[in-house]
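These are my notes from a first pass through the model. I went entry by entry and wrote down what I looked up.

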Amino acid sequence: MPLGSLKDGEMIRIIRTGLTRTHHPQKVIIVGAGMAGLVAASLLKDAGHRVEILEASGRIGGRILTIRSPFTDGLYMEAGAMRIPGNHFLVFEYLRKWGLTVTPFQNDTPMDLICVNGVRIRQWEYQRQPDLLRYPVWPRERGESADTLLRRALRPFLSLYRRLSPEGKRRLIREMDGYSMETYLRHNPWGAALSPEAVEMIKVIWDLEGLSENSFLGILEILDLFLNPRLHFYEITGGFDRLPGAFLPQLKEEIRLRQQMVKIRQEPDRVLIYTRNRETGKLEQYGGDTAIVTIPFSVLRWVDVEPRASFSHNKWKAIRELQYIPTVKTGLQFKSRFWEQEGHQGGKAVTDLPIRFVYYPNHGIGSDGPGVVLASYTWGDDAAPWNSLSADERISRALENVARLHGPRVYREFVTGSSFSWTRHPWSAGSFSLYEPLQYTELFPFIPTPEGRVHFAGEHTSSNPGWIEGAIESGIRAAVEVNGDRRRK
Ligand SMILES: Cc1cc2nc3c(=O)[nH]c(=O)nc-3n(C[C@H](O)[C@H](O)[C@H](O)COP(=O)(O)OP(=O)(O)OC[C@H]3O[C@@H](n4cnc5c(N)ncnc54)[C@H](O)[C@@H]3O)c2cc1C
């Protein structure tokens, strides 16, 4: 919802032809080798700057994480990003640039299972007879599906927003910033309020129960994509890790793995980044004219900043208050793709079991042999029970829940599994930023602004938070800031 300052066309041109070549080369320290850091480093190196990328973990890609082991037969699960909306032009521009291809990702199909309220039906049955799910909605809501009710509730706001000028949009965002999705649906300022039971049904079917206290505007950004019937989604053929991996030939000399930033020190003529070398335990120091910090604010909280006042009051507030939602994903490998015999070719199962959403693989459809199902994707409060378990326990519980959808056959078919908690991941402490009420107005304006010699990138600093698109946008924006910054010479 926040309005970006660089236009899409300008950014696409920069990806294609690069930044203006600099006459004032700088030494730029980039912290974090996720998509934001890789994009910024690639553009700045091409423009003639010296870059050095400090990455705490032992790999690049950050929240793009394709888990290949312990799966067999070349199978994998996407623990992080797994789908790209067709209107994420910057991602597609990089895919084209690196010669990567995509496969359609089916978010939903008429054969999707819906197992809620003790009822087990298919999506097509639900769309025909929504009352089969037995939610005690108000009489005027009977016969209406969660999709219809949700679209009707959002339509007046969305059509008003789309008609407004940029200034009008900003005013409306300020006006609506105090709402959570829950309060919007129950007390819709633009249309009919919904019964608590209709809101409950919407939250279960749209996987919003874990996020009901998050910002209405933040959730709307996500929903707006999924509610658009003309928008198709895609996955990267062969695994999402191919996208960050494509930057390696250009940047492998500049990337320092296992270097955890622990302190930023700004001096009048340089910036120093102190790291703890995760292999040796020793403190190291990297000096530059400028730094680009791309790490999530959730983990920037651990980093000392000297002098403290080199960051503004509002930046400190944003670093402390920006929330990263908990997320756990668990993938299970089975000997055969039995779900395809039951009619699932991609798509998902919607449940009110602890696993919540199950995603069936979109690649390898129709092939013989094993496959990996994303047996559980939980976020927000729904991830809490999973975070209390070990990875092995999560795999067992996910298998038990999947057995309730597909019967005891799953125990015979089960081969192996993997589970990843982003809450327990030390380099993001959560999955992606999602605002709470009032944070668009009170935090967002201060998140991307440079503080002295330190620039900020990462999905959380972008107009598209929570997406690879946002990470790329922010990497381009930070590279433009640094390249245009002539103060140093
Ligand atoms: C579960 C999940 C599902 C998602 N689904 C999608 C999706 O389907 N589609 C989509 O487009 N996007 C999705 N996303 C979002 C997308 O993955 C992110 O927006 C994007 O990858 C973030 O890139 P980034 O560069 O901003 O941050 P990151 O990828 O987090 O990069 C930051 C880097 O900094 C490193 N780091 C952290 N702390 C330090 C430190 N102290 N010192 C040095 N380095 C440090 C980290 O290890 C990391 O490599 C999903 C994310 C998650 C977690």
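**Entry 1: an aromatic pair**

I began with Y359, which is buried at a relative accessible area of 8%. The model I am reading is a predicted one. Next I looked up Y377, and Y377 is buried too, with a relative accessible area of 10%. I then checked the two rings against each other. The ring centres of Y359 and Y377 lie 6.3 Å apart, and the planes stand at 55°. I noted the pair as tilted, because planes under 30 degrees apart count as stacked and those over 60 as edge-to-face.

Where do Y359 and Y377 sit in the chain? I found Y359 in strand β18, residues 357-359. Y377 belongs to strand β19, residues 371-379. The two are 18 residues apart, so I logged the pair as a link between distant parts of the chain.

Y359 and Y377 are part of a cluster linked by ring pairs, together with F105, F357, W379 and F432. For the whole model I noted a count of 26 aromatic pairs.

**Entry 2: charges over rings**

I looked for charged ends lying over rings. R68 has its charged end over the ring of Y76, 5.0 Å from the ring centre. I also found R308 over the face of W316, with a distance of 4.5 Å to the ring centre.

**Entry 3: helix α8**

Is α8 largely enclosed or largely open? I counted it as largely enclosed by the rest of the structure, because seven of its ten residues are buried. I wrote down the buried ones: A198, V199, M201, I202, K203, V204 and I205.

Just past the end of α8 I checked the backbone. D207 takes a positive phi there, about 60°.

**Entry 4: α5 against α8**

I took the packing of two helices next. Such a packing is described by the angle between the axes and the distance between them. Helix α5 covers residues 146-163, and helix α8 covers residues 196-205. I read an angle of about 105° and an axis separation of 9 Å. That makes α5 roughly perpendicular to α8, because 65 to 115 degrees is the range for that word.

Which residues make the contact? From α5 I noted A146, D147, L149 and L150. From α8 I noted A198, M201, I202 and I205. I sorted these residues by type: seven are nonpolar, none is polar and one is charged.

I stayed on α5 for one more residue, L160. Leaving out neighbours within four places in sequence, I found L160 in contact with L172 and W190. L160 and W190 are 30 residues apart in sequence. In space their C-alpha atoms are 9.6 Å apart.

**Entry 5: S212 in a loop**

I moved to the loop between α8 and α9 (216-226), where S212 has its place. Is S212 buried or exposed? S212 is buried, with a relative accessible area of 11%. I listed what S212 touches, not counting residues up to four places away: S180, M181, E182 and K203. K203 is also on my list of buried residues in α8.

I looked for cis peptide bonds. The bond from S69 to P70 is cis, with omega near 15°. P70 is in the loop between β3 (66-67) and β4 (77-78). A cis bond also joins E306 and P307, with omega about -15°. P307 lies in the loop between β15 (304-306) and α13 (313-321).

A429 has a phi of about 45° although it is not a glycine. L438 is not a glycine either, and its phi is about 80°. I placed A429 in the loop between β20 (414-421) and α18 (439-442). L438 is also in the loop between β20 and α18. A429 is partly exposed at 31% relative accessible area. L438 is partly exposed as well, at 43%.

Methods:
Residues numbered from 1 in each chain as written. Predicted model: local features only at pLDDT ≥ 70, side-chain atom pairs only at ≥ 80, totals over all residues. Heavy atoms only, no water. Helix = DSSP H or I, 4+ residues; strand = E, 2+ residues; numbered from the N terminus. Buried < 20%, exposed > 50% of the residue type's maximum accessible area, 1.4 Å probe, protein only. Axes fitted to C-alpha atoms, helices over the stretch in contact; angles between N-to-C directions. Parallel < 35°, antiparallel > 145°, perpendicular 65-115°, else oblique. Contact = heavy atoms within 4.5 Å. Nonpolar A, V, L, I, M, F, W, Y, C, P; charged D, E, K, R; others polar. Phe/Tyr/Trp six-rings, centres within 6.5 Å; stacked < 30°, edge-to-face > 60°. Lys NZ or Arg CZ within 6 Å of the ring centre and 35° of its normal.
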